Structures are given as structure tokens and as C-alpha cells.
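Here are my notes on the charged side chains and one of the helices. Please read them alongside the coordinates.

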Amino acid sequence: MEKLEKMLSSEISYSENDWQDEILQIILLLYPKYFLVFKEAPIKASYDKEKSIRDEKFIDILLVDSDGNIDLIEIKKPSDSSLMTKGQYRSNHIPLRELSGTVMQIEKYIYYLNRWGENGEEFLTNKYKAEIPEGFEISITNPKGFIIMGRENNLSIEQKKDFEVVKRKYKNVIDIISYDDLLNRLKFTIEQIKKN
């Protein structure tokens, strides 16, 4: 928690890879349903048979629960200017391009995973065979996505309300988490552990 706070106080001096590494350190604590995490997991997006070209994409973090079901996390660097517009369109703050683009990116990853189906399950199970329990199989069953990006600390009350509308709109597919929200969840989790 202290390291995350320190990183957020000088956020521009860290790369996206640094943020990914830090998130890996805390994600299993915040989401105990997952017991395995893999960084930069491949997805087969498409295959051109004529050119024998395989289009591969890479998920920032692949999460695996105890039943083998996978979910994914896309991580962007924290920024005050990546979530909601300062100005309004018809009395609403709207998502900025970086947020909209990231939502589209993760929705496509979910689409590619679902299309990949049993072949993807077999591929991922074989790829991570040395790191998963013997006989364990990875399953692609309507994965959920998480986006970790942006900062809420400088948003106005109206921007935060509109941001909540955006987050709830995509709740069935993805969970959008700001770094401030991630830090609050971590603090709350630590407090709960200390009480017990």
C-alpha cells in the first residue's frame, strides 16, 4: 500500500510495465477468488490461412480462479486526464478517448477469447502447464474484464457522478477501477485483515 501511494505521488516517473508489476503484487489480495495470475498472456485474435499469419494480442494480466475460469485486466498508467471531460456535452461529462478506447480494447479481447473457445482453453492450459496444478484446465466461460486506469482525486462531484454512470453501464462486462479506488480497496482490505 505504501509503495502504491509513493508511486501515485510521482506517477509520471513510472512506466506502464512498472504499474503492471505493482498491480500483480496486490491483485490476489483484493480478489481472493483468483489464485493464479499471468502477465502478458496471448490471445489468438485471428488467423489468415492464405498468408499463414496469426494475429496475436496480449492481455496485460490474465486471472484464473479455482475452477479454471479466466478474467482479464487491462492496466493503463494513472493520469488526471484520462477518465472524464472537464467540459460538458448536453449537461453531461463524457468519457475521454483513452477511457473509451480502453473499454473497446478489453471488449475486443473478451470477444476474441470467446471466439477462441475450446482451442484457446487447450492452448492456455498447455502454455501454463508448468505453473498450474496437474490435471487443472483453463476455461474460457464469458470472461469478465477489469480496467485499472486514471485518477479520481481531481474530478469534480459532477464528473464523479457521471464516471459512476459510465462504470455501471459496463458493469456486466467490465469493472473500471481508478487508481484512487484501487488504493481505497487496498486500505479497506488491510483494515479488515487487522480487525480479524
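1. Glu121 is buried but has no salt bridge; Lys44, the nearest side chain of opposite charge, is 14 Å away. The model is a predicted one. Glu121 sits in helix H3 (residues 97–127). Leaving aside residues up to four places away in sequence, Glu121 touches Ile138, Ser139 and Ile140.

2. The structure has twelve salt bridges. One of them joins the side chains of Glu22 and Lys3, at 3.3 Å from N to O. Because Glu22 belongs to helix H2 and Lys3 to helix H1, this pair ties together parts 19 residues apart in sequence. Glu22 is buried at 6% relative accessible area, whereas Lys3 is exposed at 52%.

3. Glu164 and Arg168 form a salt bridge, with their closest N and O atoms 2.9 Å apart. Both are in helix H4, four residues apart, which separates them by about one helical turn. Glu164 is partly exposed at 30% and Arg168 is exposed at 60%.

4. In helix H5, Asp181 and Arg185 are also four residues apart, about one turn, and their side chains meet in a salt bridge of 3.1 Å, N to O. Asp181 is buried at 17%; Arg185 is partly exposed at 25%.

5. Helix H5 (residues 179–195) has 17 residues and should span 24 Å at 1.5 Å a residue, which agrees with the 24 Å between its end C-alpha atoms. Its buried residues include Tyr179, Leu182, Leu183 and Leu186. Among the elements covering the buried residues of H5 are helices H1, H2 and H4 and strands E3, E4 and E5.

Key:
Residues are numbered from 1 along each chain as its sequence is written. This is a predicted model: local features need pLDDT of at least 70, side-chain atom pairs count only at pLDDT 80 or more; totals for chains, interfaces and linings use all residues. Side-chain values use heavy atoms; hydrogens and water are left out. Helices (H or I, at least four residues) and strands (E, at least two) are DSSP runs, numbered from the N terminus. The expected span of a helix is 1.5 Å times one less than its number of residues. Buried means under 20% relative accessible area, exposed over 50%, partly exposed in between (1.4 Å probe, protein chains only). Contact means heavy atoms within 4.5 Å. Lys and Arg count as positive and Asp and Glu as negative; His and the chain ends are not counted. A salt bridge is a side-chain nitrogen of Lys or Arg within 4 Å of a carboxyl oxygen of Asp or Glu.
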